[in-house]
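Student: I have a structure to go through and would like to work from its side chains. Can we take it in questions and answers?

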Amino acid sequence: RVHKSMGGTLSDTLWYAEFEFICTALAAGSQGVPFMVSAGTAKPRDGAQDALGMWIQIPGATPQIGLLKNNGGTLAVSSVITMTLSTQYYPRVERTSATNLRLSVFTDAARTTHITGSPINYTIDSTITTLTTIQHSSDDGGATAAAWTATLDTMRIYNNLSP
C-alpha cells in the first residue's frame, strides 16, 4: 500500500481522475483498491477517515470493479462492472456533485467507448470532504500477501473541473 499527499484539497463537489489500468492476474477471493483519494493515510478500508475510490475484486471466476466510499469509518461499495484480465482499460472516477460519484470505464485512450455496464453512478454522502491524499492498495482485506497484479499509469486528477 502506498499513499501520498496531493499537496491540496479536492473540491467537495467537482473533480475527476483518469488513468490507464490493466489487471493481469487476480486470485479468486482477492480484493484491493487501485485508486482512492482520502482525508488521511489510514488503510483504505480502515480508520475513521473519509475516502472515495475504485476497488477491484474477484468473488469467483470473473474480475469486477466498482466504487467505494468511506464516510468517517462506514465503508460501502457500489454495484460492479465486469472486466477482463489482461485488457487495457481507461477508467475515469468523477465526483459530479456533493452526492454523486461516477465510474466510467473506456476501451480507448480517447475515452469515447464505454465497456458494458459503464458508467455507474453511486450516491455518496455530502459529508465526505477534505480529500488530500491519494492511495493505492494491493490487498487490504486481511490477506497476507498481494493477490493481484496490475499496472496503473498516467494518473491525472483535475480539481474543480468536469471532463
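Student: Is Tyr158 buried, partly exposed or exposed?

Tutor: This is a predicted model, in which local features need pLDDT of at least 70 and side-chain atom pairs count only at pLDDT 80 or more, while totals for chains, interfaces and linings use all residues. Residues are numbered from 1 along each chain as its sequence is written, and side-chain values use heavy atoms, with hydrogens and water left out. Buried means under 20% relative accessible area, exposed over 50%, and partly exposed in between (1.4 Å probe, protein chains only). Tyr158 has a relative accessible area of 26%, so Tyr158 is partly exposed.

Student: Which residue forms an aromatic pair with Tyr158, and how are the planes arranged?

Tutor: Rings of Phe, Tyr and Trp (its six-membered ring) pair if their centres lie within 6.5 Å; planes under 30 degrees apart count as stacked, over 60 as edge-to-face and the rest as tilted. The structure holds two aromatic pairs. In one of them the centres are 4.6 Å apart and the planes 20° apart, a stacked pair of Tyr158 with Tyr16.

Student: Which strands does that pair link, and how many residues apart are Tyr16 and Tyr158?

Tutor: Strands are DSSP runs of E with at least two residues, and helices are runs of H or I with at least four, numbered from the N terminus. Tyr16 counts as buried at 9% relative accessibility. Tyr16 is in strand 2 and Tyr158 in strand 11, so the pair links distant parts of the chain, 142 residues apart.

Student: Why is the pair of Phe19 and Phe35 tilted?

Tutor: Phe19 is buried with a relative accessible area of 0%, and Phe35 counts as buried at 0% as well. Their ring centres are 5.4 Å apart and their planes stand at 35°, so the pair is tilted.

Student: How many residues apart in sequence are the parts tied together by Phe19 and Phe35?

Tutor: Phe19 lies in strand 2 and Phe35 in strand 3. The pair therefore ties together parts that are 16 residues apart in sequence.

Student: Which residue meets Arg92 in a salt bridge?

Tutor: A salt bridge is a side-chain nitrogen of Lys or Arg within 4 Å of a carboxyl oxygen of Asp or Glu, and the structure holds five. Arg92 is in strand 7 (residues 90-97), and its partner is in strand 2 (residues 15-26), 74 residues apart. Arg92 is buried, with a relative accessible area of 13%. At 2.8 Å, N to O, the partner is Glu18.

Student: Where does Arg111 lie, and how far apart in sequence are Glu18 and Arg111?

Tutor: Glu18 is buried, with a relative accessible area of 8%. Glu18 also forms a salt bridge with Arg111, with the closest N and O atoms 3.7 Å apart. Arg111 lies in the loop between strand 8 (100-106) and strand 9 (120-123), so the pair ties together parts that are 93 residues apart in sequence.

Student: Which backbone nitrogen lies 3.2 Å from a polar atom of the side chain of Gln49?

Tutor: Gln49 is in the loop between strand 3 (31-38) and strand 4 (51-57), and is buried at a relative accessible area of 7%. A polar contact is a pair of N or O atoms within 3.5 Å; within protein, one must be able to donate a hydrogen and the other to accept it, and residues adjacent in sequence count only if both atoms are side-chain atoms. The Gln49 side chain reaches the backbone nitrogen of Thr41 at 3.4 Å. The backbone nitrogen at 3.2 Å is that of Gly40.
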